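Trainee: I have the sequence and the model open side by side. Could you walk me through it?
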Amino acid sequence: MATRWRLPVSIGAATLAAPAHAHLVETGFGAFYDGIAHLGATPADLLLVIAVALLAGQRGTQAARWTLFVLPAAWLVGGLLGARFPVGSTLPVLTTLTFGAAGLLVALNARLHGAAIVVFAMVAGAAHGYVNGASLEPAGASLLGLAGVVTAVVCLLAILSAQVTTLRAGWTLVVVRVAGSWIAAAGLLMLGWLLRPVR
Amino acid sequence: MTLEAFGRRVGAAVALALVLSPVAAFGHQEVGQAAGLLAGLSHPVSGLDHVLAMIAVGLWGAVLGPPAIWVLPVAFPMVMAFGGLMGLLGFPLPGVEIGIAVSAVVLGALVLAEVRPPLWLAALIVAFFAIFHGHAHGRELPQGTSALLYSLGFVVATGLLHAFGILLGVAHRWAAGRRLVQLAGGGVALAGLFFLWRAVA
């Protein structure tokens, strides 16, 4: 290439560079750890896992055990589907509705049947996993990143739901319900931000 | 350095700057997370009227005792957020500032007089005022911050103000503490009157 063309071509290429469509948290330890960090840096996912853990813990060990299996599995399946068939949107209304609903159920101390909690965890996990898969793939994290996310989900869910199942004192159960009401309230406000008319 | 060489260097520097500045990043993670959470946490404590009313909710819960002591802090954030949702969706609510001031007057007076209505009525009174607080404060998202973390910070700070009121209200168990709690309620009511005067003036 002639020297006189190098500069304009470089500037043109830089100016027309394709937008970066995703940015993962880069831990410097690789895609798996980036995936683990991703959960902590994505509030909607984090709130869902916390709310589902509280919900399952409220309903006892049996529900918590099933949820510990179902939520990460659904997350993984959803993630694989998202990576294979991605959509352009991150479906924020859907993910807000899921964690908001989970928070509301915790706040109400809803006496749901264990199967209902498992179904809820399956649907919510698949939805959040789908969004994860659809967004991690373009960022180059691929399956290893998704595995990191799912691992983080398992760890957080196991620790939190196990703790809640052991709670006996009245005030500690109230704290769980208050946490649920905070999550539900944040979901309601977030829904308002998402649905507010453009001014 | 010749003019041509200088031009090449400037051109190279511009090209490098453009390369290092991507056009846009459309990542799905929330942006402005730290700023959003901190802004949300600090927002409720930036207005004294809101602070006093929230503490009064906790105080009244402590005066009422169980189950109100935990029903009110569980119900209030959700109803307040519902008020915020109404505001964000554009539902008009007249006299928001007056409603907030009146909430301080009424809640403070209820603590002062140690009024103990049935639980449903207490929850209804608190929920009614929560709508005004949510409507007024839920709409003020600073630019460049995460809406979700701002909302969460806002809710958590409000909840912590309730908790502070409940902790103060623990003193209600003792005779001297009972007078102190009543005094605090009276102070909230007086401050509410001041805010009311300012709102209507």
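Mentor: Gladly, and let me start with chain B, whose elements run α-α-α-α-α-α-α-α from the N terminus on. Please keep in mind throughout that this is a predicted model.

Trainee: How many helices and strands does chain B have, then?
Mentor: Chain B has eight helices and zero strands. Of the contacts in chain B between residues at least 6 apart in sequence, 90% join residues at least 24 apart.

Trainee: And what share of chain B is buried?
Mentor: Buried residues account for 48% of the 201 residues in chain B.

Trainee: Which residues touch the most other members of the largest nonpolar core?
Mentor: That core has 119 residues, and the ones touching the most other members are A51(A), V52(A), A56(B), A104(B) and V111(B).

Trainee: Switching to chain A, how do α4(A) and α7(A) pack?
Mentor: Helix α4 of chain A, residues 61-84, packs with helix α7 of chain A, residues 142-166, at an angle of about 165 degrees, and their axes are 10 Å apart. Angles over 145 degrees count as roughly antiparallel, so α4(A) and α7(A) are roughly antiparallel to each other. Their crossing is right-handed.

Trainee: Which residues meet there, and what classes are they?
Mentor: On the α4(A) side the residues are T61(A), A64(A), T67(A), L68(A), L71(A), P72(A), W75(A), L76(A), G79(A) and A83(A), and they meet L146(A), V150(A), V153(A), V154(A), L157(A), A158(A), S161(A), A162(A) and T165(A) of α7(A). By class, this contact has 14 nonpolar, five polar and no charged residues.

Trainee: What about α5(A) and α6(A): is that crossing left-handed or right-handed?
Mentor: The crossing of α5(A) and α6(A) is left-handed, and their axes come within 10 Å and cross at roughly 145 degrees. L94(A), T95(A), T98(A) and A102(A) of α5(A) make the contact with A124(A), A127(A), H128(A) and V131(A) of α6(A). By class, the contact has five nonpolar, three polar and no charged residues.

Trainee: I'd like to check the backbone too. Where does N109(A) lie, and what is its phi?
Mentor: N109(A) lies in the loop between α5 (92-107) and α6 (114-136) of chain A, and its phi is near 50 degrees, a positive value in a residue other than glycine.

Trainee: And E114(B), where is that found?
Mentor: E114(B) is in the loop between α5 (96-112) and α6 (119-137) of chain B, and its phi, near 50 degrees, is likewise a positive value in a residue other than glycine.

Trainee: Why is E114(B) called partly exposed?
Mentor: Residues with 20 or more other C-beta atoms within 10 Å count as buried and those with 12 or fewer as exposed, so E114(B), with 14, is partly exposed. N109(A) is partly exposed too, with 16 other C-beta atoms within 10 Å.

Trainee: Last one: which residues does the cis peptide bond in chain B join?
Mentor: The cis bond joins P66(B) and P67(B), with omega about 0 degrees, and P67(B) lies in the loop between α3 (48-64) and α4 (68-88) of chain B.

Notes:
Residues numbered from 1 in each chain as written. Chains lettered and ligands numbered in written order. Predicted model: local features only at pLDDT ≥ 70, side-chain atom pairs only at ≥ 80, totals over all residues. Axes fitted to C-alpha atoms, helices over the stretch in contact; angles between N-to-C directions. Helix = DSSP H or I, 4+ residues; strand = E, 2+ residues; numbered from the N terminus. Parallel < 35°, antiparallel > 145°, perpendicular 65-115°, else oblique. Left-handed = near helix turned anticlockwise from the far one by under 90°. Contact = placed C-beta atoms within 7 Å. Nonpolar A, V, L, I, M, F, W, Y, C, P; charged D, E, K, R; others polar. Core = buried A, V, L, I, M, F, W, Y, C linked by C-beta atoms within 7 Å.
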